[in-house]
Amino acid sequence: MHILVVDDETNIRGLIRKYAVFEGYQVSEAGNGMEAVQLCRDGRFDLIVMDVMMPELDGFSALREIRKGSDVPVVMLTARGEEYDRLRGFELGVDDYVVKPFSPRELMMRIAAILKRVSGATADTPEIVTLGDMTVDFTARRVSIGGKDTQLTPKEYELLFYMVRNRGIALTRERLISEVWGYDFYGDDRTLDTHIKLLRKSLGPCAERITTLRGVGYRFEKD
């Protein structure tokens, strides 16, 4: 697995490289967002670890450019915890946030969980599910509503796919976080609520299929 580490601080890049190489990953580095965008245009990466605050091009702007040609999983490093920043990142397809200062071991665990989940998704047997006006193609990672393709962020795909596979079942918040994020969740569960809100927005007229179960979680309706 090839990881791209993007941070303007040399010591941070070196620390992540040390632990990532020890875990068996191939590592490339970029010192700013512009370098990261160029590297992604020239090659392929399995995951990106990227700082938010960088010179020349910040992490969010760099990710916006990268997303034009790739849905590579992204872990954002940030010293800022404002909800606006997180929402902005989730809309761009950020898979996870790690707040500085961080534990390198925890970062490696999160990276491993994301890569395991992504590689497992590609091994799914061919399957297409049609629910009213919505069609979900698990193999092609395609969702269409009313015959038109709907663009989702990588995390929205994962959340929708899991809910559709378990349609008609009451899914607790804890189960959704565990299965979709793939690790013991250290933050608050507003992350899940934010992604549900974004997913509903993306699904448009089919958003009503996601039912909120007060005090429990959510259910994706069959009919």
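Thr135 has Ser144, in β8, as its bridge partner. The two strands involved, β7 (residues 134–137) and β8 (residues 142–145), are antiparallel and share four bridges. Strands here are DSSP runs of E with at least two residues, helices are runs of H or I with at least four residues, and both are numbered from the N terminus. Two strands count as paired if DSSP finds at least two bridges between them.

β7 and β8 make a hairpin with four residues between them. Arg141 lies in that loop, and its phi is positive, near 50°, although the residue is not glycine. Arg141 counts as partly exposed because its relative accessibility is 26%. The classes are buried (under 20% relative accessible area), exposed (over 50%) and partly exposed (in between), with a 1.4 Å probe and protein chains only.

β8 also pairs with β9 (residues 148–149), antiparallel and through two bridges. Ile145 has Lys148, in β9, as its bridge partner. This second hairpin has two residues between its strands, and Gly146 in the turn has a positive phi of about 65°.

## Basis of the model

The model is predicted: local features need pLDDT of at least 70, side-chain atom pairs count only at pLDDT 80 or more, and totals for chains, interfaces and linings use all residues. Residues are numbered from 1 along each chain as its sequence is written, and side-chain values use heavy atoms, leaving out hydrogens and water.

## Other backbone features

The peptide bond between Lys100 and Pro101 is cis, with omega about -10°. Pro101 sits in the loop between β5 (96–99) and α5 (104–121).

Glu56 is not a glycine, yet has a positive phi of about 70°. Glu56 is in the loop between β3 (47–51) and α3 (59–66), and is exposed, with a relative accessible area of 66%.

## The whole protein

The protein contains eight helices and twelve strands. Its C-alpha trace spans about 55 × 35 × 30 Å along the principal axes. Of the 223 residues, 51% count as buried. Among contacts (heavy atoms within 4.5 Å) with a separation of 6 or more, 58% are between residues 24 or more positions apart.

The side chains include 32 positive and 36 negative ones, and the centres of the two sets lie 3 Å apart. Lys and Arg count as positive and Asp and Glu as negative, without His and the chain ends; each charge is placed at NZ of Lys, CZ of Arg, CG of Asp or CD of Glu.
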